[in-house]
Amino acid sequence: QYSPDSVAGADGEIDPTEITFPGCPCRSSSCVAAECPCLCRGENYSSSLCLRLPEQQEQRFSRPVFECNSLCRCGDGCQNRLVQRGLQLRLQVFRTERKGWGVCALEPIPRGSFVCEYAGEVLGSAEAHSRIQAQTAQEPNYIIALREHLHDGRVMETFVDPTRIGNVGRFLNHSCEPNLFMVPVRVDSMVPKLALFAAADISAGEELSFDYSGRFRNLPGTSREHKPPEEENRLRKPCYCGSRTCASFLPWDSSLFSTP
């Protein structure tokens, strides 16, 4: 079932549409960083509606992104409303030679542009683990486990499963040298939208991909991926990204196959 936005999972534990953030009092048509509570919370978009990207590939930490929400007094044209507007680019789902379905751009995409959301059912930890453990090695796994490392050492987890309900993001393939990267963007509540932005200028016709491991643009310690024992390799799927740094297998996180 196609859904442009994430929805509450069948377990009913988390409702991503619930509004818990207060709105900003800004009365201008577009909020100003120094005055808007939403913009003061984290990273801002540039005047060209692109995410500001640091020059270095890896950074010690990333600032969060908070967009203005439905309770804010600013107008719909506020430049701090980007991901919530949904897909604006022309993308195409196509059949690849070895990777099943994939997604390519039908128009050039500038670096830092919002491309699409990875939308699906937002699950609680127990339901996510249950679904993953019920899968066979031959079945595709679409469940994303997003982990955000907070300044005080805590880790926030968000599980999104587009297997049954999702959008075009579910067809994006993994690459060890991707041209997209994932950013959690919050609008109405602490449940983030898993937004994918262009990591570089992308040409029309180029396949879109992101790193499933969370390794890209993050410090090595933030990923739970590890080299599994030889006996676990039977559960792993080969990687066909074709990059120079290809790891041969798709990312692997054995903690998802254990009881939470």
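How much space lies in the second largest pocket? The views below are taken from a predicted model.

**View 1. The second largest pocket and its lining.** The space in this pocket comes to about 240 Å³. It is lined by 13 residues, of which Asp5, Pro16, Thr17, Asp188 and Lys193 are the closest to the pocket centre. By residue class, the lining of the second largest pocket holds five nonpolar, four polar and four charged residues.

**View 2. Ser189 in the loop between β10 and β11.** The loop that holds Ser189 runs between β10 (180-186) and β11 (193-198). Ser189 counts as buried because its relative accessibility is 6%, and buried means under 20%. With neighbours within four places in sequence left aside, the contacts of Ser189 are Pro16, Glu18, Thr20 and Phe21.

**View 3. The largest nonpolar core.** This core has 21 residues, and those that touch the most other members are Leu91, Ile109, Val115, Leu172, Leu180 and Leu208. Two or more residues each come from β4 (101-105), β5 (114-117), β7 (144-149), β11 and β12 (207-210). The element that gives the most to this core is β11, with three residues. In soluble globular proteins, nonpolar side chains tend to be buried together.

View 4. Apart from neighbours within four places in sequence, Leu172 is in contact with Val103, Cys116, Leu180, Leu196, Leu208, Phe210 and Tyr212.

Terms used:
Residues are numbered from 1 along each chain as its sequence is written. This is a predicted model: local features need pLDDT of at least 70, side-chain atom pairs count only at pLDDT 80 or more; totals for chains, interfaces and linings use all residues. Side-chain values use heavy atoms; hydrogens and water are left out. On a 1 Å grid over the protein atoms alone, a cavity is a set of points where a 1.4 Å probe fits but cannot get out, and a pocket is an open set with protein on both sides within 12 Å along at least five of seven lines; lining residues have an atom within 4 Å of a point. Grid points are joined across faces, edges and corners, and a volume is the space filled by probe spheres set on the points. Ala, Val, Leu, Ile, Met, Phe, Trp, Tyr, Cys and Pro count as nonpolar, Asp, Glu, Lys and Arg as charged, and the others, Gly among them, as polar. Helices (H or I, at least four residues) and strands (E, at least two) are DSSP runs, numbered from the N terminus. Buried means under 20% relative accessible area, exposed over 50%, partly exposed in between (1.4 Å probe, protein chains only). Contact means heavy atoms within 4.5 Å. A nonpolar core is a set of buried Ala, Val, Leu, Ile, Met, Phe, Trp, Tyr and Cys residues joined through side-chain atoms within 4.5 Å.
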